[in-house]
Amino acid sequence: MSEDRLWKFRKPEWMHSAWARNAGVYASGGLFSLAFYILLDAAVWSKRINPTDTHVTFIDWLPLIFSSLGMLIINSVEKQRLSADSFSYSGSGVAWKARVVLFLGFASLAGGMAGGVTVFVMKYVVRDVEWPMMGMGVENVVANGLVGLSSVVLWISQNMEDEYAYNLAL
Amino acid sequence: MPSAGLKTIIALSFVLAVGFLLVILSCALWHSYFPLLVVATYVLAPLPNWICSHCSAGPDDFVESGSGASAVLDLGRFFTGFLVVMGIALPVVLAHSRIIEIGAMVMSIAGGLLIYGTIISFTMFFQEEQEF
């Protein structure tokens with residue numbers, strides 16, 4: 001198994017532990033919560049305090065909805081089906097289907113992030129919104145970035161789980 | 001875990017009472033009862049973990065390396081992490097929009113963390129009797 005390694009540096013021991021995997025999943029949930037509440041903060045602030053006409057509307061929520069949908073799709077796909085080719089145990093091209101679905105998920109996630117930047121630019125930067133109101137647009141970008149980060153953390157910790165299970169099976 | 005005796009129960013219930021005191025004080029001092037949501041959040045926080053650990057087949061599936069069973073566990077962990085951060089983020093959101101005061105925010109966050117710490121340490125201390 002050690003001859004198959006590609007990289008010079010081996011993974012540290014603690015990355016194989018179940019503890020690190022669970023911590024990763026918890027952290028991913030926390031990051032997603034942070035993203036949601038940052039955007040909610042923008043919406044509540046816009047309703048309660050915002051003195052100008054630039055309000056947070058459904059358009060501002062749309063990128064977060066798309067990134068969350070992408071995150072849901074990406075992390076619902078069984079990762080082991082990716083390496084399975086169609087002629088091996090999984091018949092009828094499951095690997096191909098997994099790749100298509102995964103592509104849709106990543107497209108939705110990236111589209112959500114791009115949408116966040118778009119809303120920020122079109123609604124706040126172009127219209128020369130003053131700074132405390134500009135914060136609502138920045139929060140939108142930050143929220144979508146955090147959803148992406150959360151999904152990366154969840155992906156990594158689920159792959160860690162596979163390594164762990166493999167070690168346990170040996 | 002070391003054996004949890006009567007002293008642990010007394011200390012934990014004392015901490016729980018202090019946590020509730022902080023949260024209720026943060027509501028009553030400023031006559032705004034939104035910080036009570038923090039208590040609800042932290043009481044709900046261990047619930048997804050608990051439900052999902054009962055939904056999967058039991059401790060055996062951990063060896064089977066099928067990720068279908070541990071996916072349910074991961075879902076529970078994800079929502080627990082979501083709720084824990086929600087308990088901190090909710091007072092900050094409320095305070096940022098000046099629905100509650102900064103003092104109420106600090107007190108409700110501290111009280112909520114004490115309540116959640118009590119729940120977590122209680123389950124850690126008394127897990128053996130429930131599981132086996």
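**Two chains of helices, read feature by feature**

Guide: Helix 2 and helix 4 of chain A pass each other in a left-handed crossing, meaning that the near helix is turned anticlockwise from the far one by less than a right angle, clockwise being right-handed. This is a predicted model, in which local features need pLDDT of at least 70 and side-chain atom pairs count only at pLDDT 80 or more, while totals for chains, interfaces and linings use all residues. Residues are numbered from 1 along each chain as its sequence is written, and chains are lettered from A and ligands numbered from 1 in the order in which they are written.

Visitor: At what angle do helix 2 and helix 4 of chain A pack, and how far apart are their axes?

Guide: Angles run from 0 to 180 degrees between N-to-C directions, and axes are lines fitted to C-alpha atoms, for helices over the stretch in contact. Helix 2 of chain A (residues 58–76) and helix 4 of chain A (residues 94–125) pack at about 160°, with axes 7 Å apart, and helices here are DSSP runs (H or I, at least four residues; strands are E, at least two) numbered from the N terminus. Helix 2 and helix 4 of chain A are therefore roughly antiparallel to each other (over 145 degrees; under 35 is roughly parallel, 65 to 115 roughly perpendicular and the rest oblique).

Visitor: How do the residues of that contact between helix 2 and helix 4 of chain A divide by class?

Guide: The contact of helix 2 with helix 4 of chain A holds 16 nonpolar residues, eight polar and one charged (nonpolar: Ala, Val, Leu, Ile, Met, Phe, Trp, Tyr, Cys and Pro; charged: Asp, Glu, Lys and Arg; polar: the others, Gly among them).

Visitor: Is Ser76(A) buried or exposed?

Guide: Ser76(A), which is found in helix 2 of chain A, is exposed, with 11 other C-beta atoms within 10 Å (12 or fewer; buried is 20 or more, and partly exposed is in between, with C-beta atoms placed from the backbone). The C-alpha atom of Ser76(A) is separated by 27 Å from that of Glu139(A), 63 residues apart along the chain.

Visitor: What is the secondary structure of chain B?

Guide: Chain B comes to seven helices and zero strands, so that, read along the sequence, its pattern is α-α-α-α-α-α-α. Of the 132 residues of chain B, 33% count as buried. Among contacts in chain B between residues at least 6 apart in sequence, 73% join residues at least 24 apart, a contact being a pair of residues whose C-beta atoms, placed from the backbone, lie within 7 Å.

Visitor: How do helix 1 and helix 6 of chain B pack?

Guide: Helix 1 of chain B (residues 6–28) and helix 6 of chain B (residues 102–125) pack at about 155°, with their axes 8 Å apart, which makes helix 1 roughly antiparallel to helix 6 in chain B. The crossing of helix 1 of chain B with helix 6 of chain B is left-handed. Among the residues that meet there are Leu12(B), Leu16(B), Gly19(B) and Val23(B) from helix 1 of chain B, and Ser108(B), Gly111(B), Ile115(B) and Phe122(B) from helix 6 of chain B. By class, this contact of helix 1 with helix 6 of chain B has 15 nonpolar, eight polar and no charged residues.

Visitor: Which residues is Leu16(B) in contact with, leaving aside its neighbours within four places in sequence?

Guide: Leu16(B), which lies in helix 1 of chain B, is in contact with Ile115(B) and Thr118(B) once those neighbours within four places are left aside. The C-alpha atoms of Leu16(B) and Leu114(B) are separated by 6.5 Å, although these residues are 98 apart along the chain. With 17 C-beta neighbours inside 10 Å, Leu16(B) counts as partly exposed.

Visitor: Where is Arg98(B) found, and what is the phi of this residue, Arg98(B)?

Guide: Arg98(B) is found in the loop between helix 5 and helix 6 of chain B, and its phi is near 55°, a positive value in a residue other than glycine. Arg98(B) is exposed, with 11 other C-beta atoms within 10 Å. Phi of His31(B) is likewise near 55° and positive in a residue other than glycine, and His31(B) has its place in the loop between helix 1 and helix 2 (36–44) of chain B, where His31(B) is exposed, with 6 other C-beta atoms within 10 Å.

Visitor: How many residues of chain B are in contact with chain A?

Guide: 20 residues of chain B are in contact with 23 residues of chain A. Helix 5 of chain B (residues 67–96) gives the largest share of the side of chain B that touches chain A, 15 residues, and that side divides into ten nonpolar, seven polar and three charged residues.

Conventions: Two residues are in contact if their C-beta atoms, placed from the backbone, lie within 7 Å.
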